[in-house]
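Please work through the following exercises with the sequence and the three-dimensional structure open beside you.

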Amino acid sequence: MDRIRIVGGNKLAGSIPISGAKNAALPLMIASLLTDDTLTLENVPHLADVEQLIRILGNHGVDYSVNGRREKQQEGYSRTVTFSARNIVDTTAPYELVSKMRASFWVIGPLLARMGEAKVSLPGGCAIGTRPVDLFLEGLQALGADIDVDTGYVIAKTRNGRLVGNRYVFPKVSVGATHVLVMAASLAKGETVLENAAREPEIVNLAECLNAMGARISGAGTETITIDGVEALSGARVRVIPDRIETGTYAMAVAMTGGDVVLEGARADLLQTALDVISQTGAEITQTNSGIRVRRNGAGIAPVDVTTAPFPAFPTDLQAQFMGLMTMAKGKSRITETIFENRFMHVQELARLGAHITLSGQTAIVDGVPKLKGAPVMATDLRASVSLVIAGLAAEGETTVNRVYHLDRGFERLEEKLSGCGAEIERISG
Ligand SMILES: CC(=O)N[C@H]1[C@@H](OP(=O)(O)OP(=O)(O)OC[C@H]2O[C@@H](n3ccc(=O)[nH]c3=O)[C@H](O)[C@@H]2O)O[C@H](CO)[C@@H](O)[C@@H]1O
Ligand SMILES: C=C(OP(=O)(O)O)C(=O)O
């Protein structure tokens, strides 16, 4: 199993290209199931989750081809990928495929809307909480689907071959359930109004994609989304937005090690709350023509309290990384997680590097220390793993991060991007 070896202490300086967003690319790829035409996606990141979803879509009959590459771009960087679901050959998404990645459950929306039926295994994914699917099922039922759950599978059928538009109020904000209902309602008969919908930029990217395919969606990015269903969707060419979580992660790395880095292609409007918080810790953040510049000189890291919440608030997917940064703050900070009940798996690993953190329910109290010391660590999920990388970059001596497959789910060429800015970081295979 691969490991990442880091020798900490170097400031970061230079530029890091920000990849296409994993969490936007996945729903856009799934949207290809809604049409028998070709959907071309630009800026698709080269990640394990993307490869896994390609396998899942392939099982339903989706062909794909990689036909474009940015100039001077090396193998493995974000690329243009074409998806074609001319014939759906299977409406079942089996356990063996779906259990590896939560977002693969989302195929239920387009399969049901286009084919009138879907049988999809209950999902797996990162070990960050129980992650039920009740809102998906309730929402699809509101659009007229009959749903059964049997032997680990959700079996969904339309009554007369087509979903029917309706008003649905999410009892709780859910990114995934919003993606699924927006996709499903696009092909439903009549109008759907989704209230208390997720407002994440990835929802906006999906709505832009569906509208380019001929859907009639308004209000994406607000809490009320209106979808006027159409009979069929066509192909389109759409660009995946830059990854706001990767952006925030590298910004926090610079805020922790010190230095001066331009995050090429990053968009501040996708993570303004997180950038404001990083500024409060003492880093200087400016939007430039080419991206976001992050600088921190010798001044110490100021402690800042944060609470995760749905967009536009501070994202849960940056909570672990921010905790990494706060381990070396000059004082105490409180980090409260409100989205997932078990997203503190990094706490005990950060402690191995010398961090002082105590947990009180859903709040972590981080008592900053003047220095961390390298150690072998491992994490059980994607963002927790990268928080250990950030802490390792600032720690004295050598840190080895095990279970790199978590990082490969969501960070394209992580060690290359960081070593390009002066970090001593390498992958050790085997
Ligand atoms: C691939 C992808 O885009 N993943 C992101 C997506 O996950 P995902 O879409 O799974 O997250 P949700 O927004 O659905 O989850 C938010 C909360 O709602 C709960 N819930 C959700 C659905 C449901 O049917 N019932 C229910 O109770 C969840 O357990 C969680 O407590 O949004 C999360 C919240 O920003 C991010 O951390 C993930 O990185
Ligand atoms: C939790 C995440 O992904 P998933 O929803 O696929 O588990 C993530 O991207 O941080």
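Residues are numbered from 1 along each chain as its sequence is written, while chains are lettered from A and ligands numbered from 1 in the order in which they are written. This is a predicted model, in which local features need pLDDT of at least 70 and side-chain atom pairs count only at pLDDT 80 or more, whereas totals for chains, interfaces and linings use all residues.

**Exercise 1. State what average pLDDT the protein has.**

Step 1. Recall that pLDDT is the predictor's confidence in each residue, from 0 to 100.
Step 2. The protein averages 95, and 97% of the residues score at least 70.
Step 3. The model scores are ipTM 0.99 and pTM 0.97.
Step 4. Where pLDDT is low, predicted coordinates should not be read in detail.

**Exercise 2. Determine which strands stand at the edges of the open sheet of four strands.**

Step 1. Strands (E, at least two residues) and helices (H or I, at least four) are DSSP runs numbered from the N terminus, and two strands pair if DSSP finds at least two bridges between them.
Step 2. The order in this open sheet is β10-β11-β13-β12, with mixed pairing.
Step 3. β10 (167-169) and β12 (216-218) each have a single partner strand, so they stand at the edges and one side of each is left without a neighbour in the sheet.
Step 4. From one strand to the next, the twist averages 15°; axes are lines fitted to C-alpha atoms, for helices over the stretch in contact, with angles from 0 to 180 degrees between N-to-C directions.
Step 5. Three bridges pair β10 with β11 (residues 191-195) in the parallel sense, and Val-169 has Glu-195 of β11 as its bridge partner.

**Exercise 3. Decide whether β8 and β9 run parallel or antiparallel.**

Step 1. Strand β8 (residues 145-150) and strand β9 (residues 153-158) are antiparallel and joined by six bridges.
Step 2. Ile-147 stands opposite Ala-156 in β9.
Step 3. Two residues lie between the strands of this hairpin, where Thr-151 has a positive phi near 45°.

**Exercise 4. Classify Asn-43 and Arg-403 as buried or partly exposed.**

Step 1. A residue is buried if 20 or more other C-beta atoms, placed from the backbone, lie within 10 Å of its own, exposed if 12 or fewer, and partly exposed in between.
Step 2. Asn-43, in strand β3 (residues 38-44), counts as buried because it has 24 C-beta neighbours inside 10 Å. Its phi is positive, about 65°, although Asn-43 is not a glycine.
Step 3. Arg-403, in the loop between β23 (398-402) and α13 (405-410), has 19 such neighbours and therefore counts as partly exposed. Its phi is also positive, near 60°.

**Exercise 5. Identify which residues a cis peptide bond joins.**

Step 1. The bond joins Phe-311 and Pro-312, with omega about 10°.
Step 2. Pro-312 is in the loop between β18 (306-307) and α10 (319-326).
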